[in-house]
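Subject: Handing over the structure

Hi there,

Here is the structure I promised to pass on to you. Have a look at it first, and then read on for what I found in it.

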Amino acid sequence: MQLSPSSPKPGTGADHDAQRDAHRRAAPDRGRTLLGPALQLIHTGQAPTRSALTRALDVTRATAGAVTAELEALGLITVDSRPAGGGRGRPSHRLAIDPGGPVVVAGQIHADGLSVTLAGLGGLLDPPVHLPLPAATDPVRMLRAVAQAGAELARGTERRCLGAALALPNPVTEPDGTALAALHFAWPSGTPVADLYDVEVGRADHGPRAFDPLPTAIANDANLAALAEYRHGAGRGARHLLLVTSGHRGVGGALVIDGRLHTGSAGLALEVGHLTVDPQGRPCGCGNRGCLNSETDPDALFAAAGLTPDPGRPLLDQAGELCRAAATDERARAAVEHVIDRLGLGLAGVANILNPDRVVLSGLHLDLLEAAPERLRAVVAERSLWGRSGRVPIVGAELRHSALAGAAELGWLPYLADPQSVTAGQAVR
Ligand SMILES: [Zn+2]
């Protein structure tokens with residue numbers, strides 16, 4: 001599956017034309033055309049009531065009523081008919097995601113382990129299950145481990161399971177779904193991860209309430225984190241959202257423009273990790289020196305502090321603790337400032353090229369921002385042409401598990417485009 005086609009927002013561009021055409025069509029057809037845009041508005045919290053939905057879709061109250069009734073009949077939303085507020089004025093029906101509605105399996109493979117959860121619409125994730133990396137980290141065994149963990153969750157729920165989507169810590173090509181430069185696990189470049197994951201999910205038993213075959217999808221974790229932050233977190237309302245993150249190892253970046261991920265011609269855009277920020281710096285897995293990747297990840301922070309992390313605990317947690325120690329500890333503060341100066345240089349370079357209206361930082365970069373927000377913002381402003389004339393807002397990610405939340409978005413993509421496919425037994429792929 002290609003990652004790019006998030007359903008267009010109502011009232012913009014081509015979709016607006018489609019919407020105008022839809023007005024001319026017969027009522028049942030028009031209702032079906034509006035189901036996807038309506039569900040997306042409710043999914044992203046932009047239409048908490050039927051009157052808000054009526055305004056956002058630019059339709060009559062009767063049409064909005066028919067659309068919400070259809071989504072309710074599909075088991076996706078609830079329509080609370082009790083008046084919201086009471087008093088004078090016409091009451092509006094509250095719209096919410098049906099808490100018993102279907103789920104997708106969202107998974108993530110990262111340098112420290114595997115994470116899986118079930119995710120309903122509305123960005124509502126169950127608490128994730130975290131598993132250690134399997135002893136053998138070849139692609140098939142890793143993908144099998146995450147597929148089986150997801151299947152166990154699906155078997156344990158009464159809710160229908162409609163798909164399984166996975167976030168990976170390496171670039172994933174579009175549309176063929178191969179992993180490139182999977183440096184963490186030494187996977188061969190070009191490993192067909194989308195096909196392998198599809199096979200492993202197909203072999204796992206997801207229980208009687210899951211679609212069979214279960215649709216699968218796979219994409220890069222930073223891209224998915226950006227999509228999730230755009231829809232449910234710190235990126236809401238941004239037009240050109242740049243996300244930069246250092247998860248467990250290395251640095252990833254992603255750009256969402258008007259609600260769509262910019263993934264380049266083959267899914268490989270925004271590889272910001274190999275921007276040089278210190279020509280004399282630490283060696284990077286790519287063969288160069290001083291990349292953002294090797295200068296601003298958890299290992300770099302520990303190296304700057306002259307400390308060795310505990311190999312028995314997740315590196316990202318320990319790096320976060322080191323950032324928080326900067327408030328009281330001189331050595332930690334010096335290390336945080338060393339890394340922040342390099343992160344600021346990298347962000348300034350990317351901001352000059354992309355001119356984002358918001359920068360969201362996640363993972364260790366969020367901890368660094370919280371440890372010294374003014375220093376980071378000042379470095380970016382000083383080093384960026386646009387930063388000097390008006391600061392680019394730099395904010396922290398809001399979602400706790402943004403890559404997992406993004407995998408959930410990826411799993412929901414076909415159903416947001418065509419909500420009626422939730423009853424089909426097999427989704428449009
Ligand atoms: Zn590099």
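A residue counts as buried when its relative accessible area is under 20%. With that cut-off in mind, look at helix H12, where Leu364, His365, Leu366, Asp367, Leu368 and Leu369 are buried. H12 spans residues 364-371 and is mostly covered, with six of its eight residues buried.

Please keep in mind that this is a predicted model. The mean pLDDT of the protein chain is 89, and 88% of its residues reach 70 or more. Helix H6 (residues 193-203) has the highest confidence, at a mean of 98, while helix H1 (residues 13-24) has the lowest, at 45. Across residues 1-26 the pLDDT is below 50, and this stretch has 46 contacts in the model beyond near neighbours in sequence.

As for the overall picture, the protein chain contains 15 helices and 12 strands. It has 429 residues, of which 53% count as buried. Taking contacts between residues at least 6 apart in sequence, 64% of them join residues at least 24 apart.

Now to two helix pairs.

How do H9 and H10 pack? Helix H9 (residues 298-305) and helix H10 (residues 315-325) have their axes 9 Å apart, at an angle of about 45°. The two are therefore oblique to each other, and H9 passes H10 in a left-handed crossing. On the H9 side, Pro298, Asp299, Leu301, Phe302 and Ala305 take part; they meet Leu315, Leu316, Gln318, Ala319, Leu322 and Cys323 in H10. By class, this contact of H9 with H10 has nine nonpolar residues, one polar and one charged.

H10 also has a list of buried residues: Leu315, Leu316, Gln318, Ala319, Gly320, Leu322 and Cys323. What covers them includes H9 and H12, along with helix H11 (330-354) and the strands S8 (240-246) and S11 (358-363).

The second pair is helix H7 (residues 221-232) with helix H15 (residues 402-417), whose axes lie 7 Å apart at an angle of about 75°. H7 and H15 are therefore roughly perpendicular to each other. From H7, Asp221, Leu224, Ala225, Leu227, Ala228, Glu229, Arg231 and His232 meet residues of H15 that include Ala403, Gly406, Glu409, Leu410 and Leu413. The contact of H7 with H15 divides into 10 nonpolar, three polar and four charged residues.

Finally, some backbone details in the loops.

Which peptide bonds are cis? One runs from Glu174 to Pro175, with omega near 0°; Pro175 is in the loop between strand S6 (161-168) and H6. Another joins Asp212 and Pro213, with omega about 5°, and Pro213 sits in the loop between H6 and strand S7 (216-220).

Positive phi values turn up in residues other than glycine, too. Asp58 has phi near 60° and belongs to the loop between helix H3 (50-57) and helix H4 (61-73). For Leu270, phi is near 65°, and this residue is found in the loop between strand S10 (260-261) and helix H8 (292-295). Is Leu270 buried or exposed? Its relative accessibility is 14%, so Leu270 counts as buried.

Enjoy exploring the structure!

Best wishes

Note on methods: Residues are numbered from 1 along each chain as its sequence is written. This is a predicted model: local features need pLDDT of at least 70, side-chain atom pairs count only at pLDDT 80 or more; totals for chains, interfaces and linings use all residues. Side-chain values use heavy atoms; hydrogens and water are left out. pLDDT is the predictor's confidence in each residue, from 0 to 100. Helices (H or I, at least four residues) and strands (E, at least two) are DSSP runs, numbered from the N terminus. Contact means heavy atoms within 4.5 Å. Axes are lines fitted to C-alpha atoms, for helices over the stretch in contact, and angles run from 0 to 180 degrees between N-to-C directions. Angles under 35 degrees count as roughly parallel, over 145 as roughly antiparallel, 65 to 115 as roughly perpendicular and the rest as oblique. A crossing is left-handed if the near helix is turned anticlockwise from the far one by less than a right angle, and right-handed if clockwise. Ala, Val, Leu, Ile, Met, Phe, Trp, Tyr, Cys and Pro count as nonpolar, Asp, Glu, Lys and Arg as charged, and the others, Gly among them, as polar. Buried means under 20% relative accessible area, exposed over 50%, partly exposed in between (1.4 Å probe, protein chains only).
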